[in-house]
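Hello,

Here is the structure I said I would pass on.

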Amino acid sequence: MAIFGGILIVIGIILFFVQKNYSAKLQSIRSATSSTVAELQRIASEIAGEIGSGNLREYVKVRGMIRSDRPLISELKQSPCVYYSMKVVREYEEQYTVRDSDGKSRTEIRRGSETVSSNMQSIPFRLVDSSGELIVNPDGGKIETVQILDEFRSENTNGTSISFGGFTLVLDTGRGGRRTIGYRYTESILPCDREVLVIGTAADEGGKLTLRKPIQSDKKFIISLKSEEELAKSTANAAQSFFYGMIGSLSAGLILVILGLILKR
């Protein structure tokens, strides 16, 4: 009982940090100043006239369209994008031996999986609104993506490699007694020509107006396909859910630990 209570306390501590992260995200969404590209260009010009260019540092939220003259092409689905993440997971069966209470052994089969390949890439892109455009450097951002692939393919027993789109992998022949069932391919992207909300620091280093990751650790860098209202609502709901989960886990854990200690006496 006390052990289970301790596990619940650990879960509660983990939920505390998760809830704290969502609360910080919600605070970032609310504290960032709504702006347009033209407004940021005006502010940058005013600051440059007073103390010189390269001194703009504004924490803002800007909404516009994703544009790229030379987009990335995702590895699996070969889709144009400015960010993608892909994963190939091998699913297999293996035999293992178990012993019962009488010491008798029997062989059973269990399923498992392992990631055999994963990759992600991003490029800077143009954010275009009705007043102008600026550059977004997505490095270090929390990027909301669209899943464009989740497909399972059975193993080709005669093959020495697997391929999907622009992806190819030479298979390892030594598989440790595990029988491969097949491979699951998943891929998510931040597509071109979609409206996006970017929350980050506007800077004019190098003479180019850019949105990038804030230096301050308490300010989040968010690239979302949701509207500001949708993003704030989903973040607030998540923060609330994790808060109640944290309280419930810590309370139940403490009660079980106390009961366990009492029963041991």
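Lysine 61 has a relative accessibility of 6%, so this residue counts as buried, the cut-off being under 20%. Please keep in mind that the model is predicted.

Which residue does lysine 61 pair with? Its salt-bridge partner is glutamate 228, and the closest N and O atoms of the two are 2.6 Å apart. Glutamate 228 is partly exposed, at 27% relative accessibility, whereas lysine 61 is buried.

A salt bridge also joins arginine 110 and glutamate 94, at 3.3 Å from N to O. Here the link runs between strand E5 (residues 105-122), which holds arginine 110, and strand E4 (residues 80-99), which holds glutamate 94; the two residues are 16 apart. Glutamate 94 counts as buried at 17% relative accessibility, while arginine 110 is partly exposed at 41%.

The next pair is aspartate 150 and arginine 184, with 3.0 Å between the closest N and O atoms. Aspartate 150 sits in strand E9 (residues 146-154) and arginine 184 in strand E12 (residues 179-191), so parts 34 residues apart in sequence are tied together. Both are partly exposed: aspartate 150 has a relative accessible area of 46% and arginine 184 one of 29%. Through shared partners, salt bridges join Asp150 and Arg184 with Glu91 and Arg111 in one network.

The count for the model comes to 15 salt bridges.

Regards

Key:
Residues numbered from 1 in each chain as written. Predicted model: local features only at pLDDT ≥ 70, side-chain atom pairs only at ≥ 80, totals over all residues. Heavy atoms only, no water. Salt bridge = Lys/Arg side-chain N within 4 Å of Asp/Glu carboxyl O. Buried < 20%, exposed > 50% of the residue type's maximum accessible area, 1.4 Å probe, protein only. Helix = DSSP H or I, 4+ residues; strand = E, 2+ residues; numbered from the N terminus.
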